[in-house]
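The following note sets out numbered points on the model shown below. Each point takes up one topic and may be read against the coordinates.

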Amino acid sequence: MQDPLNEAARPKVTPSRPDRAAGEGQTLLLVHRHLRQELTQIKSAIEEVAAGRLTPEQARDHINHTTMRQNYWTLGSFCAAYCRVLTMHHTLEDETFPTLARRKPELKPVVDKLSQEHEVIATVLTQLDHTLTAMMSDESKIDDVRADVALLDRLLTSHLTYEEDQLVAPLSVF
């Protein structure tokens, strides 16, 4: 399977994640945990729709139990909101991580790689948005949505783990 993140080329500076995180390192872990939880909710709702147990409209009740639910009435709009939150998170990282790299120059290759990965993930999010839009008018597109969400899950999970492994320790003393 193709590796859009080119994981083998990831620079590694931090030998391991610390047992305890503090400060910005702890904040990063909390935000990432939230992103993972929300992605799990999306995957679950999509599988329910794919299995024919729910229509996209019925999936809203399941989705409304998530923490980002504020008036998102369809599967598509919830997923779009998740994509916006994830994009804002990566934009904030792209604006703040260079400061960390200036203070700890050995982290620059990691920060540069993370920024590249943000672009790859943004492309997947754009594709997911297109397939969700198509599915809203043609439920047979559910398999396309499932494939895009599976790709997002694989890439985002790998990315978040890499980011945590490399930056939690430096951010904990930042």
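1. Among contacts in the protein chain between residues at least 6 apart in sequence, 78% join residues at least 24 apart, where contact means heavy atoms within 4.5 Å. The model is a predicted one, in which local features need pLDDT of at least 70 and side-chain atom pairs count only at pLDDT 80 or more, while totals for chains, interfaces and linings use all residues. Residues are numbered from 1 along each chain as its sequence is written, and side-chain values use heavy atoms, with hydrogens and water left out.

2. The protein chain has 5 helices and 0 strands, and its elements run α-α-α-α-α from the N terminus on. Helices (H or I, at least four residues) and strands (E, at least two) are DSSP runs, numbered from the N terminus.

3. Of the 174 residues in the protein chain, 39% are buried. Buried means under 20% relative accessible area, exposed over 50%, and partly exposed in between (1.4 Å probe, protein chains only). The chain exposes about 9300 Å², of which carbon and sulfur atoms supply 52%. Accessible areas come from the Shrake-Rupley method with a 1.4 Å probe; for residues, only the protein chains shown count as cover.

4. Which residues have the most contacts inside the largest nonpolar core? They are Tyr82, Leu86, Leu128, Val145, Leu152 and Leu156, in a core of 22 residues. The elements that give two or more residues to this core are α1, α3, α4 and α5 (142-172), and α5 gives the most, with 7 residues. A second, separate core of 12 residues includes Ala101, Val111, Leu114 and Leu171. A nonpolar core is a set of buried Ala, Val, Leu, Ile, Met, Phe, Trp, Tyr and Cys residues joined through side-chain atoms within 4.5 Å. In soluble globular proteins, nonpolar side chains tend to be buried together.

5. Not counting residues up to four places away in sequence, Leu152 touches Leu39, Tyr82, Leu86, Ile121, Val124, Leu125, Leu128 and Thr157. The C-alpha atoms of Leu152 and Ala122 are 9.6 Å apart in space, and the two residues are 30 residues apart in sequence.

6. Thr87 is found in helix α3. With a relative accessible area of 38%, Thr87 is partly exposed.

7. Leu107 is in the loop between α3 (75-103) and α4 (108-137). Is Leu107 buried or exposed? Leu107 is buried, since its relative accessible area is 1%. Although 95 residues separate Leu107 from Lys12 in sequence, the two are 8.7 Å apart, C-alpha to C-alpha.

8. Lys108 is in helix α4. Its relative accessibility is 45%, so Lys108 counts as partly exposed. Lys108 and Pro11 are 97 residues apart along the chain, with 9.5 Å between their C-alpha atoms.

9. The largest pocket holds about 270 Å³ of space. Of the 12 residues that line this pocket, Glu24, Leu92, Glu93, Thr96 and Phe97 are the closest to its centre. The elements that give two or more residues to the lining are α1 (23-50) and α3, and α3 supplies the largest share, 6 residues. By class, the lining has 7 nonpolar, 3 polar and 2 charged residues. Here Ala, Val, Leu, Ile, Met, Phe, Trp, Tyr, Cys and Pro count as nonpolar, Asp, Glu, Lys and Arg as charged, and the others, Gly among them, as polar.

10. The pocket terms are as follows. On a 1 Å grid over the protein atoms alone, a pocket is an open set of points where a 1.4 Å probe fits, with protein on both sides within 12 Å along at least five of seven lines; lining residues have an atom within 4 Å of a point. Grid points are joined across faces, edges and corners, and a volume is the space filled by probe spheres set on the points.

11. Asn6 is in the segment before α1. The phi of Asn6 is near 50°, a positive value in a residue other than glycine. Most residues other than glycine have a negative phi. Asn6 is partly exposed, its relative accessible area being 41%.
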